[in-house]
Number of protein chains: 2
Amino acid sequence: MERRSFLKKAGAGLAVGAATAMPAIAADAPAIKWRLTSAFPKSLDTIYGGAETVAKRVAEATGGKFQIQVFAAGEIVPGGPAALDAVTSGSVEMCHTCSFYSVGKDPTFAFDTAVPFGMTNRQMDAWYRYGNGGKLMREFFAGHGLYNIPAGNTGVQMGGWYRKEIKKVADLQGLKMRIGGLAGQVLAKLGSVPQQIPGGDIYPSLEKGTIDAAEWIGPYDDQKLGFNKVAKYYYYPAWWEGGPQITTFVSQKHWASLPKEYQAILELACADAHVEMMAQYDAKNPMALKQLVGAGTQLRPFPKEVLDACYKAANDLYAEISAKNPTFKKVYDDFRKFQSDQNLWFRIAEGSYSNYMASAR
Amino acid sequence: MERRSFLKKAGAGLAVGAATAMPAIAADAPAIKWRLTSAFPKSLDTIYGGAETVAKRVAEATGGKFQIQVFAAGEIVPGGPAALDAVTSGSVEMCHTCSFYSVGKDPTFAFDTAVPFGMTNRQMDAWYRYGNGGKLMREFFAGHGLYNIPAGNTGVQMGGWYRKEIKKVADLQGLKMRIGGLAGQVLAKLGSVPQQIPGGDIYPSLEKGTIDAAEWIGPYDDQKLGFNKVAKYYYYPAWWEGGPQITTFVSQKHWASLPKEYQAILELACADAHVEMMAQYDAKNPMALKQLVGAGTQLRPFPKEVLDACYKAANDLYAEISAKNPTFKKVYDDFRKFQSDQNLWFRIAEGSYSNYMASAR
């Protein structure tokens, strides 16, 4: 017994010595420096911060050998769809963005981020990792020269700021709302007039009444932009963003050039950013919401009648797009089938627990 | 323009060449081989699989230099609290387990996994990364010679299998139920008789009627053990497991011996396993639930009266433990305060969206 115990200790000592005496990433590992353009400004520290998390984790795991320099929207490339275009064109190696900014090119881009009445963050993760989502979207993005790695989620967003109450479907008629993509197309079916306005122009537009309503993200980000000062009603939920995913895109050419270990490390760093962003939003939103309500914001759930009308309009839109876009249809059909099973399961254990805890405060 | 373009291409070519010509992890990086004991059997592929995900990702990111050999419960160390004890004693470097198996030593161990009427998986992530949870639990585990890294979650579990219906609080009186830890102590306050029975013995005990009820995990795992054949009623939710976290524990001594890069890679691998396990459960539970219901299982929500009684009993238990255990009190007070804000926020956007989607199928 004593001899065995001695050998064990000696062995452990050797292993420890070996590990600390040598650097884990040796001097001849390749030094790589890439540029990442974020689609978001630095002021949105949570969503912009996702790219910084990725860069930081990659540097830590490679002893600083693989450096990713993060640029905010506008520094080297504008925000919005331009971030993804910059990767496609090869002017930067990577970006961190929401692919649904590119729905103008193909509505299939939306599935990587969010579609109206789509899946929640956990359901998206399940669809990507154990459903067909990961495979289908990898194929789709490969066709655009892109390699996608999920790296963040905001959770269900808020339904935006309104100068007047939305009590019935008819109140959507003529509503000039800052909202983009497929959600704007759904609202247009109900008579609203969707507007594409950059983040910085929303406040003055709402203030002057050039627009009647605007959607942004959630309490933490919305509070920063001060929308509560120019619109009284804060609606929920954003039925168009039930779990918007933020993704790191690498050009296929650059992805293929990475050593396998760096590929693995970049995927892991994105997984960490994925958890980190969601955690940060969940931690920061409650206080912001309390402060907004304390300062007079009127919280309102969308009436069921309004949600039902939007849901029907969304389904009509999906049928129209599916009829002319087979790529969209292929992904949509799989997405909806998977989502249907998910909703069945989530209303049992997860839903009943959350509803009980909400009432048991 | 042409010259600049040429230089750009030449530069890109060089970088790519350098990256592919050399291995990312060089020959003199330390080779380390560690043993990890899982608290779970291989048959529970999802929860046991968390450790395999960690090992696989670490190997990929280090070019096979850092090897983690995974052993199932019983192979070198028994399941349950023994896995954590094996790390504390130094007989293995790591384990993958639920720390709440060690509540017999100190009920504070429960907060890393789940406590009755505790936080959901997302709320736990927020508390760990942006609340005080991470700091408080690191301190607590350091006192036991352990370094903890979250690496998995099951989501809200099911409330277990019952031979008879639970229609009122009085039905808990005398109920012999296979349930452990703090949840068992809560039920004991309501007259139940909690039983500690290993997974493999639950089926015969339920069949013979030695016990009246048993909780396990959720549809996917429960179906494997065939509980539906010996108990008709399947209740939800598990109010004692609203988001049980599974954690990788490394002995402090071994953690300190790792090069910084390997520490970073191990943390990232655990973050990936964290997302992976949740995704796998969410993807696999719906089909299992459908099959169980199709085969005659009767799904039942716990009556509100029963949940209210259990909630009150849980709060009584927390007050009693807090009065005599200052470490528990310190963590509990922070946990509850954070959870209260989380529940406020989750019933707005997230809750209203999930409830609408559940009804809009």
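Predicted model: local features only at pLDDT ≥ 70, side-chain atom pairs only at ≥ 80, totals over all residues.

Trainee: In what order do the strands of the open sheet in chain A lie?

Mentor: To read a sheet, follow the strands from one side to the other. The open sheet of chain A has 5 strands in the order β2-β1-β3-β10-β4, and the pairing is mixed. At its edges lie β2 (66–71) and β4 (146–153) of chain A, each of which pairs on one side only. Neighbouring strands of this sheet are turned against each other by 25 degrees on average, direction ignored.

Trainee: In which sense do β1 and β3 of chain A pair?

Mentor: Strand β1 (residues 32–38) and strand β3 (residues 94–97) of chain A pair in the parallel sense, over 3 bridges. Within β3(A), Met94(A) is the residue opposite Leu36(A).

Trainee: Which strands of the sheet does helix α10 of chain A touch?

Mentor: Helix α10 (residues 260–294) of chain A packs on the sheet and touches β1, β2, β3, β4 and β10 of chain A, with its direction at about 30 degrees to that of β4(A).

Trainee: Is Thr97(B) buried or exposed?

Mentor: The idea is to compare relative accessibility with a cut-off, and buried means under 20%. Thr97(B), found in strand β3 (residues 94–97) of chain B, counts as buried because its relative accessibility is 1%. Leaving aside residues up to four places away in sequence, Thr97(B) touches several residues, among them Phe40(B), Leu84(B), Ile246(B) and Phe249(B).

Terms used: Residues numbered from 1 in each chain as written. Chains lettered and ligands numbered in written order. Heavy atoms only, no water. Pairing = 2+ DSSP bridges. Helix = DSSP H or I, 4+ residues; strand = E, 2+ residues; numbered from the N terminus. Axes fitted to C-alpha atoms, helices over the stretch in contact; angles between N-to-C directions. Contact = heavy atoms within 4.5 Å. Buried < 20%, exposed > 50% of the residue type's maximum accessible area, 1.4 Å probe, protein only.
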